[in-house]
Amino acid sequence: MKSVLTIGLLILSNAFMTMAWYGHLKFKELGWFSKLGLFSVILVSWGIALFEYCFQVPANRIGFRENGGPFSLVELKVIQEVITLVIFTVFTLLFFKTETFRWNHAVGFLFLILAVYFIFKK
């Protein structure tokens, strides 16, 4: 159960992280947001990123083996990176119509899946 909770929290965390890091590029299409200066955009993104930390920190505490969780530190990081790339890809394809998913991206994801396999291999 801790592994499912950890992965769920990491998914939520990465959704907020992606929105904070890249969402402002799409928010500029909103009338009020397009008038904000860089410092204001940074503050809005930081406010969104706060929620990322509200999910990321508990995910790592719950999931870390030395806290009674099922994952080593390396395993947690690899899970987080794979989740980040999946969420980023979905976000990009849904919100940025100018981006495309190409064959080299698929090959890269295949290598990431192999990396996960080797990281978790005992």
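The structure is a predicted model. The chain comprises 5 helices and 0 strands, and a nonpolar patch on its surface includes Leu114, a residue of helix H5.

**Fold and dimensions**
- Read from the N terminus, the order of elements in the chain is α-α-α-α-α.
- Along the principal axes, the C-alpha atoms occupy a box of roughly 55 × 35 × 20 Å.
- Of the contacts between residues at least 6 apart in sequence, 68% link residues at least 24 apart.

**Burial and exposed surface**
- The chain has 122 residues, of which 27% are buried.

**The nonpolar surface patch**
- Seven side chains are listed in the patch: Trp103, Val107, Leu110, Phe111, Leu114, Tyr117 and Phe118.
- Together, these residues present about 810 Å² of accessible area.
- Leu114, one of the patch residues, lies in helix H5, which spans residues 103-120.
- Leu114 is classed as partly exposed because its relative accessibility is 37%, and the partly exposed class lies between the buried limit of under 20% and the exposed limit of over 50%.

**Charges**
- The chain carries 11 positive and 6 negative side chains.

Definitions and conventions: Residues are numbered from 1 along each chain as its sequence is written. This is a predicted model: local features need pLDDT of at least 70, side-chain atom pairs count only at pLDDT 80 or more; totals for chains, interfaces and linings use all residues. Side-chain values use heavy atoms; hydrogens and water are left out. Patches are made of residues with over 30% relative accessible area and no salt bridge: like charges are joined within 9 Å, nonpolar side chains (Val, Leu, Ile, Met, Phe, Trp, Tyr) within 5 Å. Accessible areas come from the Shrake-Rupley method with a 1.4 Å probe; for residues, only the protein chains shown count as cover. A salt bridge is a side-chain nitrogen of Lys or Arg within 4 Å of a carboxyl oxygen of Asp or Glu. Helices (H or I, at least four residues) and strands (E, at least two) are DSSP runs, numbered from the N terminus. Buried means under 20% relative accessible area, exposed over 50%, partly exposed in between (1.4 Å probe, protein chains only). Contact means heavy atoms within 4.5 Å. Lys and Arg count as positive and Asp and Glu as negative; His and the chain ends are not counted. The place of a charge is taken as NZ of Lys, CZ of Arg, CG of Asp or CD of Glu.
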